[in-house]
Number of protein chains: 2
Amino acid sequence: MSKRLLKQWEIDEELRTLEGWKQEDGAWLVKERKLDSFREAIAFVNKVADVAEELNHHPSIVIDYRKVTLRLVTHDAGGLTELDMQSARAYDKL
Amino acid sequence: MSKRLLKQWEIDEELRTLEGWKQEDGAWLVKERKLDSFREAIAFVNKVADVAEELNHHPSIVIDYRKVTLRLVTHDAGGLTELDMQSARAYDKL
C-alpha cells in the first residue's frame with residue numbers, strides 16, 4: 001500500500017465516494033456514527049478493531065455512549081494516503 | 001447511588017485512594033492506561049464496557065492504538081458524584 005501523500009483533489013474525489021466522512025483540520029479523515037445503544041457501539045468498535053488489525057492501520061476511536069468517532073491519518077506520511085481511504089471504505093462496509 | 005455533587009475536599013480524598021486518576025478541567029475524572037498492544041487495549045475496553053453497563057454509568061472512552069483514556073462525569077449532576085468514584089474504583093480492579 002502506497003504511503004504517498006494524497007493531493008487535495010484526490011482527497012476531494014475520494015470523499016465523494018465515501019459515506020459520511022469529512023476532513024478535519026486539513027489532515028484527519030473523520031466519521032461519526034451513531035449506533036442504537038452503547039452495546040451496539042461496542043460491537044461496532046470490535047468490528048473496527050478487526051479491520052484495523054487486518055489492514056495494520058489503526059484509527060483513533062472515541063466512544064461517547066452510543067456515538068463512535070473514527071479518525072484516520074497516516075502518521076509516518078504526515079497526512080492522508082491511500083491506506084486511509086482503503087480503511088474508510090472498509091469501515092463503510094461494516 | 002447518590003447523585004449529590006462531591007465537594008472538592010471529598011474528591012481530593014478519593015483521588016488519594018484511586019490509581020492514576022486525575023481531575024481534568026475541574027470536572028472530569030480521567031485515567032490513561034497503556035496496554036501492551038492494540039488487541040489488549042480493545043480487550044480492556046470490552047471489560048470497561050461490561051462494568052459500565054453493570055453500573056449504568058458510561059465513561060467517554062478514547063482508544064489511541066494501545067493507549068486507552070477513560071473520562072468520567074455525572075452529566076445530570078453537572079460534575080463528579082459518588083457514582084464516578086465507584087466507577088473509577090471498579091476500573092482500577094480490571
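Modeller: Let's start with a term we will need: two strands pair if DSSP finds at least two bridges between them. Keep in mind that this is a predicted model.

Colleague: Thanks! Which residue stands opposite B:Gln23 in S2(B)?
Modeller: Begin with the two strands: S1(B) and strand S2 of chain B, residues 28-34, run antiparallel and are joined by 3 bridges. Within S2(B), the residue standing opposite B:Gln23 is B:Leu29.

Colleague: In what order do the 8 strands form the open sheet?
Modeller: The pairing in this sheet is antiparallel. From one strand to the next, the twist averages 25 degrees. Reading across, the order is S1(A)-S2(A)-S4(A)-S3(A)-S3(B)-S4(B)-S2(B)-S1(B).

Colleague: Which strands stand at the edges?
Modeller: Look for strands with a single partner strand, so that one side is left without a neighbour in the sheet.

Colleague: At about what angle does helix H2 of chain A run to S3(A)?
Modeller: Helix H2, residues 38-55 of chain A, lies across strands S2, S3 and S4 of chain A together with strand S3 of chain B. Its angle to S3(A) is about 170 degrees.

Colleague: Is B:Ser60 buried or exposed?
Modeller: B:Ser60 lies in strand S3 of chain B. Buried means under 20% relative accessible area. B:Ser60 has a relative accessible area of 10%, so this residue is buried.

Colleague: Which side chain does the side chain of B:Ser60 join in a polar contact of 3.0 Å?
Modeller: Among the residues that B:Ser60 touches are A:Ile63, A:Asp64 and B:Trp28. The polar contact of 3.0 Å is with the side chain of A:Asp64.

Colleague: Why do the buried residues of H1(A) line one face of the helix?
Modeller: The buried residues in helix H1 of chain A are A:Glu10, A:Ile11, A:Glu14 and A:Leu15. What covers them includes S1, S2 and helix H3 of chain A, while the face turned away from the buried side carries the exposed residues A:Trp9 and A:Arg16. The buried residues line one face because, seen down the axis of H1(A), they fall within an arc of 140 degrees.

Colleague: How do H2(A) and H3(A) pack, and how far apart are their axes?
Modeller: H2(A) passes H3(A) in a right-handed crossing. Residues making the contact include A:Val48 and A:Leu55 of H2(A), with A:Leu83 and A:Tyr91 of H3(A). The two helices pack at an angle of about 150 degrees, and their axes are 10 Å apart.

How values were computed:
Residues numbered from 1 in each chain as written. Chains lettered and ligands numbered in written order. Predicted model: local features only at pLDDT ≥ 70, side-chain atom pairs only at ≥ 80, totals over all residues. Heavy atoms only, no water. Helix = DSSP H or I, 4+ residues; strand = E, 2+ residues; numbered from the N terminus. Axes fitted to C-alpha atoms, helices over the stretch in contact; angles between N-to-C directions. Contact = heavy atoms within 4.5 Å. Buried < 20%, exposed > 50% of the residue type's maximum accessible area, 1.4 Å probe, protein only. Polar contact = N/O pair within 3.5 Å; in protein donor to acceptor, adjacent residues only side chain to side chain. Arc of directions from axis to C-beta. Left-handed = near helix turned anticlockwise from the far one by under 90°. Lists of a residue's contacts leave out its neighbours within four places in sequence.
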